[in-house]
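Let me put the structure up and then talk you through it.

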Amino acid sequence: MILSDMGIREYLKKGIISIRPLKGDQIGPASVDLSLSGEWAFFKKSLIGKTVDLDKVPFQKATVKVRADYAILNPGEIVLATTAEKITLPSNIMGKLEGRSRYARMGLSVHITSAIVQPGSDNHQVLEILNSAPFAIVLRKGMRVSQIVFHQMKSPTSKPYSKFGKIAKKQ
């Protein structure tokens, strides 16, 4: 079952799910808009043109973190960006990240493939943002480039992400 705006508001009010910070106008008909925090992770320039063994080089070692009010994303470039909102879910609700059409129509892919927010999560989301446009794009802190849709599961997971996720506790 997907939560509507009424279900989202009810679950927020009851403390079943938590999104901090959250403004009322972020809640849409069946999703909640998420904004950029101003924390960016760009791939190191020294890796350009190299072969990277993904079994040996984790993203943390392949990127350089930057805190800034904006980031310029060149054509074909990817940046990892965190959401300003911290999302806390119980073990029977999962989220799915989606891009927003107004930005997708301009060539911006917001989560590439990692769309699932695992049940039991308690963290900020990392967005893999790709510029597919033929021009550079400016991303600004506070831009609502993503949204989350909540799915209530038939049964809770036995592996809540905040306890079993390898990276979850650091986000």
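Predicted model: local features only at pLDDT ≥ 70, side-chain atom pairs only at ≥ 80, totals over all residues.

I'll start with the overall fold, go into the core, and then stop at a few individual residues.

The protein chain has four helices and 12 strands. Its radius of gyration is 17 Å, close to the 16 Å from the globule rule for 171 residues, so the chain is as compact as a globular protein of that length. If you box up the C-alpha atoms along the principal axes, you get roughly 50 × 35 × 25 Å.

How much of the chain is buried? Buried residues come to 40% of the 171. And if you take the contacts with a separation of 6 or more, 79% of them are between residues 24 or more positions apart.

Okay, the core. The largest nonpolar core has 32 residues, and the ones with the most contacts inside it are Leu36, Ile129, Leu139 and Phe150. Leaving out residues up to four places away in sequence, Phe150 touches a whole list of partners, including Met1, Ile2 and Leu3. Ile17, Ile19 and Val32 are also among the residues Phe150 touches, and so are Ile87, Leu89 and Ile93.

Ser31 is in the loop between β1 (18-20) and β2 (32-34). Buried or exposed, what would you guess for Ser31? Ser31 has a relative accessible area of 8%, and the cut-off for buried is under 20%, so Ser31 counts as buried. And what does the side chain of Ser31 make a polar contact with? The answer is the side chain of Gln147, at 2.8 Å. Not counting residues up to four places away in sequence, Ser31 touches Ile8, Gln26, Gln147, Ile148 and Val149.

Asn123 is another buried one, at 1% relative accessibility. Asn123 sits in strand β10, residues 122-131, and its side chain makes a polar contact with the side chain of Gln125, at 2.8 Å.

For contrast, here's Leu54. You'll find Leu54 in the loop between β3 (36-43) and α2 (59-62). With a relative accessible area of 72%, Leu54 is exposed, because the cut-off for that is over 50%. Leu54 and Lys44 are 10 residues apart in sequence, and C-alpha to C-alpha they are 15 Å apart in space.

Last stop, a couple of backbone details. Go back to the loop between β1 and β2, where Pro21 is found. The peptide bond joining Arg20 and Pro21 is cis, with omega at about -10 degrees.

The other one is Ile112, in the loop between β8 (108-109) and β9 (116-117). Ile112 isn't a glycine, yet it has a positive phi, about 45 degrees. At 42% relative accessibility, Ile112 counts as partly exposed.

How values were computed: Residues numbered from 1 in each chain as written. Heavy atoms only, no water. Helix = DSSP H or I, 4+ residues; strand = E, 2+ residues; numbered from the N terminus. Buried < 20%, exposed > 50% of the residue type's maximum accessible area, 1.4 Å probe, protein only. Core = buried A, V, L, I, M, F, W, Y, C linked by side-chain atoms within 4.5 Å. Contact = heavy atoms within 4.5 Å. Polar contact = N/O pair within 3.5 Å; in protein donor to acceptor, adjacent residues only side chain to side chain. Rg over C-alpha atoms; globule rule 2.2 N^0.38 Å.
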